[in-house]
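Reader: Could you pick one part of this model and take me through it slowly? I'd like to see how it is put together before we look at anything else.

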Protein chains: 2
Amino acid sequence: MNVLFLGTGAGVPSKQRNVSSLALELLEERGAVWLFDCGEGTQHQILHTSLKLRKIEKIFITHMHGDHIFGLPGLLGSRSFQGAEDPLTIYGPKGITQFVKAALAHSQTHLRYPIEVIEGEGGIVFEDEQFIVEAILLEHGLPSYGYRVMEKDKPGTLMADKLMAAGIKPGPAYQELKDGGTLETEEGKVIHGSDFLGPPKKGKIISICGDTRSCPQLSKLAEDADLLIHEATFGEEDEKLAYEYYHSTTIQAAALAKQCRVKQLVLTHISARYQGDQVGALLNEAGKIYSNTIIAEDLLRLEIK
Amino acid sequence: MNVLFLGTGAGVPSKQRNVSSLALELLEERGAVWLFDCGEGTQHQILHTSLKLRKIEKIFITHMHGDHIFGLPGLLGSRSFQGAEDPLTIYGPKGITQFVKAALAHSQTHLRYPIEVIEGEGGIVFEDEQFIVEAILLEHGLPSYGYRVMEKDKPGTLMADKLMAAGIKPGPAYQELKDGGTLETEEGKVIHGSDFLGPPKKGKIISICGDTRSCPQLSKLAEDADLLIHEATFGEEDEKLAYEYYHSTTIQAAALAKQCRVKQLVLTHISARYQGDQVGALLNEAGKIYSNTIIAEDLLRLEIK
Ligand SMILES: [Zn+2]
Ligand SMILES: [Zn+2]
């Protein structure tokens, strides 16, 4: 599981940072990639990575500001142009369906693959045997959601040594035991699979906020996350501006990370006002409160261990 | 007067070529820049040039395909973000008003400057004392316009030597004579300004086609142009494909340039199928028919002399 940052800037593109988008690579887990936000030029950024558009299974939109959605129509069209046939689902706030449909219709873009757009007002937006994704309403002056991606715990590995010692030879029975089944040996002994499994592997939690002012709901989003990706549009000294413009500061993000016991914090949505050493200063502010912090850069790939 | 190519690729962006856009720089003529088409990432390309978004006075859209319009909402928003206050006018086919309005409304993008969108069905779309712009309907399976930009002839320069020989001293009278006025000398001799002007300077003609199949209307677009910018989505051998997909070949563009006595031909909208030497081959095909041909590249700037 990797996070690949595609755009880490705020509001408008700059030479250093494109507007918002990031990819959650779930290639091992499900042979798929999930995108979070899709600012203009996201497909251009992807050209500089190994990511394939056809692998994109889901796109989660945090909010409707242009720097988070204007790359969507073009990316959908190019995915089709490249021959993708697998369905794609878009999750987002009210309005996203209309935006996508209007752009595709006006441009006469006909997609070769089925597309589903799901508008929500928060809560569980997706669940299968592997993952739960919860959308949590934050505060950005218009509906803006953070996404909490929760991987379900995976059963432990089957302890083959212990099974062989109990006289069970490798074969189809192993899969049954791994799935929690039981079997009877020739001697009439009942074997419970659960007794031969290692400890379950805890699923990862990735918390991704789009744009938001510091607010109480963020705790629910960030609680015990393995990785918290948080906007930091302003530095420590601009807390008042951040509040007025519905954005967050470096230290608000760091305090949240600490309070919620997250394992790692990545700051993103960095304004072009901050260049060179000033970006280092942002990191220092946050690091004083929560040390395991980094500042995202375009095309940075982070493995979630 | 310069043409700056911002995107010279076909359909989807590649690492080498972005999707369609070009800027006609009229800085000396009117302190302004006109954009023709605005594919996704046009504002990103502009970051690598000296062009200022606030200088963009007009945007002409050839047709509604995504690779020609998806950069429009973001560019409009960034122009506002950068503080531009001068009005901007967009010209384009039916649907462009709705597309722009929907994208701005859904994203809650509020522009600080007035915007006017003019939908047309061909003919003269703009005229002032300097320029006439005519939109000519071409053939692309949906309404697609070529734009013929005609600079009006400029009066010749006033021949000061000849005036002084005639006894007229430099002063306010010179401007009056330059504007075609007359004056009487102290000796009662009537001086006609027109007798003291050099030959008028012929205005330039720039012909810009978007996407089109080879068609008779192109002659009207290209006639006697100083510069013809023509799509060449296919090579010579793919004339049948070009026809089917409503595109043109290299040699169709070159034959048009020759027939219409244009001064220079630039081929653009180059498919990513053509790389390296293959692009040279496209140029050779066209060059055999019309030698003053070049192939556009992203960020190429051409002075129109
Ligand atoms: Zn925003
Ligand atoms: Zn087209």
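This is a predicted model: local features need pLDDT of at least 70, side-chain atom pairs count only at pLDDT 80 or more; totals for chains, interfaces and linings use all residues.

Author: Residues are numbered from 1 along each chain as its sequence is written, chains are lettered from A and ligands numbered from 1 in the order in which they are written, and side-chain values use heavy atoms, with hydrogens and water left out.

So who holds ligand 2? His63(B) and His140(B) come in through NE2, His65(B) through ND1 and Asp211(B) through OD, at 2.3 to 2.6 Å from the zinc ion (donors are N, O and S atoms within 2.8 Å of the metal, or 3.2 Å for Na, K and Ca; water is not among the atoms, so sites may look incomplete). Along the sequence, the spacing of these residues reads H-x1-H-x74-H-x70-D. His65(B) and Asp211(B) tie together distant parts of the chain, 146 residues apart. His65(B) sits in the loop between strand S4 (56-60) and helix H3 (66-69) of chain B, and Asp211(B) in the loop between strand S12 (205-208) and helix H8 (217-222) (helices, H or I with at least four residues, and strands, E with at least two, are DSSP runs numbered from the N terminus).

Now over to chain A. There the zinc ion (ligand 1) has His63(A) (NE2), His65(A) (ND1), His140(A) (NE2) and Asp211(A) (OD) as protein donors, lying 2.3 to 2.6 Å away. Its four donor atoms span angles of 78 to 169 degrees, another irregular site, and the donor spacing is H-x1-H-x74-H-x70-D. Here His63(A), in the loop between S4 and H3 of chain A, pairs up with Asp211(A), in the loop between S12 and H8, across 148 residues.

Chain A has a salt bridge that spans a stretch of sequence too: Lys202(A) meets Asp153(A) at 3.6 Å, N to O (a side-chain nitrogen of Lys or Arg within 4 Å of a carboxyl oxygen of Asp or Glu). Lys202(A) is in the loop between strand S11 (190-192) and S12, Asp153(A) in the loop between strand S9 (145-151) and helix H6 (160-165), 49 residues apart. Over all chains there are 26 salt bridges, yet zero between chain A and chain B.

How values were computed
Four donors count as tetrahedral if all angles lie between 85 and 135 degrees; four count as square planar and six as octahedral if opposite donors are over 155 degrees apart and all others between 65 and 115; anything else is irregular.
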